[in-house]
Amino acid sequence: MSSTTAFVSIDNLRKGRQAVSAPIDTGGGCGTTGGAGKSSCGSSGGPDDMPAEIWEKVKDHPCYSEEAHHHFARMHVAVAPACNIQCNYCNRKYDCSNESRPGVVSQKLTPEQAVKKVLAVASEIPQMTVLGIAGPGDSLANPKKTFDTMRMLHATAPDIKLCISTNGLALPDQVDEICKYNIDHVTITINMVDPEIGARIYPWIFYNHKRYTGVEAARILHERQMLGLEMLTARGVLTKINSVLIPGVNDEHLIEVNREVKKRGAFLHNIMPLISEPEHGTVFGLTGQRGPTAQELKAVQDACMGGANLMRHCRQCRADAVGLLGEDRSEEFTLDKIEEMDIVYDIDKRRAYQAQVEVERQAQHQAKVDALAAALDRQMATAQVDPAMKVLVAVATEGHGRVNLHFGHATEFQIFEVSATQALFVGHRRVDLYCQGGYGEDEQLPSIVNAINDCHAVLVSKIGACPRDELKAAGIEPIDEYAHEFIEKAALSWFAGYRERVASGAITHTPRGDASIRQGAYTGNTAATQAAA
């Protein structure tokens, strides 16, 4: 396949799934030592879906629990600048504050500076429950800096979960150190299990004091990744696999990656889109390799359903990110600002605050349960409507699991796949900010509409007349009647009403999956002037 023309075919994905669907080990998933496990566990699971000891590890981890990411925060400290492999999608940048992607940081830190920053953030953001080292290089290519940081944090902030991210090349050699400091969450970036494909992603690796290139480099990397994953599983460490979807290179191959990491006990599989804008200076960006569309990403993720549990709420964070997923408060905690702070790390105060957050999280979960029960009751009156009907709904939210953001203030929309039996988070779509200086930028509207034009509705806390008209013209319902409701409750309630309108003949259900929608053909409808956002 040409990297410039290939795209993911749903039929090919289905064929690919069949091709790799021979009986496999059902280990991994919900447990850390194998076992069949329920398909609902993982990022969207709850305490009934997994062993109690696993639930304790994931319930307030925003990367390992889709529910938790609405309420709990994470931070990364940039103590690991060196890397032992080269990826064609990576260009590490230091002293950079205007890009939001992996490998980018504003300040590199010493372990001592990192610990002080963690304590400062934790005292100001008590819902920060997770500390990760994700670069800007590779955490295990900088083992002393990484483990010095973890050792000090393990002693001074024992309530914070510790995580590392790695490409896996040095992982087998460091499993004992990982376990020594109770680092019980490890992310491994695995983009291939076929070295021929790997050779198109990795120009070289540096292993055992020698540089390797091509297929040989990819083979060594693959073998080390699989060994490290198996070793972590055997030690009870939860693993998340990150895979970068590169159209025409590994798109269909990621189905096999999903199967192989599940066999080896991976808890979650996070399939992320390639970031390939040329201004980032990566090899792929400079050679014209495109990233996937949101619809292509979802198609690959959907094709992997039934394999390793999927994470769909990743934001591809910077290596110095601070705050909830989807936000970055790192500028509030620069080294000079930390020096002026009166840092008081009160673990009891943090736990009390987190208990309040957990109450909110439980309220969100109960609202979802109640809304689903109500939706099923209403479904009795719409028996003639296809029970398998499902649609995508976009949601404007600033966190806490609620519909609580003005359309004009959104820089991303969360996407839910809604049916009569569930409201399933399936991803997010970044958009240009519409409201600037109190007024809507009408030229932004077509790109925003295109980002969500496979959705039947968009749930917002408020919306202006101009964007309301544009969305309606594109066949997307703007809905503001559920402002500040929990997202799942709002989505299920809207969908129940949608089914009733279809059943009564008031509207006709039209699938929004045709090629023109997938390619983003909407160019705008109204000629409205500037309107208040």
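Begin by selecting Trp494, Phe495 and Tyr498, which ring pairs link into a cluster. The model on display is a predicted one. Phenylalanine 495 is buried at a relative accessible area of 1%, and tyrosine 498 counts as buried at 3% relative accessibility.

Next, display the whole of helix α15, residues 487-504, together with the sheet on which this helix packs. Helix α15 touches β12, β13, β14, β17 (457-459) and β18, and its direction makes about 50° with that of β13. The sheet is open, with five strands in the order β14-β13-β12-β17-β18 and mixed pairing. At its edges stand β14 (423-430) and β18 (477-479); each has a single partner strand, so one side of each is left without a neighbour in the sheet. On average, neighbouring strands are turned by 25° against each other, direction ignored.

Within this sheet, select strands β12 (residues 390-395) and β13 (residues 412-419), which run antiparallel and are joined by six bridges. Valine 391 stands opposite valine 418 in β13.

Now turn to another of the six aromatic pairs that the structure holds. Phenylalanine 407 and phenylalanine 413 have ring centres 5.8 Å apart and planes at 40°, so this pair is tilted. Phenylalanine 407 counts as buried at 2% relative accessibility, as does phenylalanine 413 at 1%.

Five of its six residues are buried, so β9 is largely enclosed by the rest of the structure. Strand β8 (residues 238-245) runs parallel to β9, and six bridges join the two. The path from β8 to β9 passes through helix α8 (residues 254-263), and this β-α-β crossover is right-handed. Leucine 245 stands opposite proline 273 in β9. Strand β10 (residues 310-311) also pairs with β9 in the parallel sense, over two bridges; there, leucine 310 is the bridge partner of histidine 269.

Finish at the largest nonpolar core, which has 59 residues; Val77, Met128, Leu131, Ile178 and Ile183 touch the most other members. Helix α3 (residues 111-124) supplies the largest share of this core, seven residues. Centre the view on isoleucine 183: leaving aside residues up to four places away in sequence, isoleucine 183 touches Phe147, Met150, Leu162, Cys163, Ile164, Ile178 and Val237.

Methods:
Residues numbered from 1 in each chain as written. Predicted model: local features only at pLDDT ≥ 70, side-chain atom pairs only at ≥ 80, totals over all residues. Heavy atoms only, no water. Buried < 20%, exposed > 50% of the residue type's maximum accessible area, 1.4 Å probe, protein only. Helix = DSSP H or I, 4+ residues; strand = E, 2+ residues; numbered from the N terminus. Pairing = 2+ DSSP bridges. Right-handed = clockwise from strand over helix to strand, strands pointing away. Axes fitted to C-alpha atoms, helices over the stretch in contact; angles between N-to-C directions. Contact = heavy atoms within 4.5 Å. Core = buried A, V, L, I, M, F, W, Y, C linked by side-chain atoms within 4.5 Å. Phe/Tyr/Trp six-rings, centres within 6.5 Å; stacked < 30°, edge-to-face > 60°.
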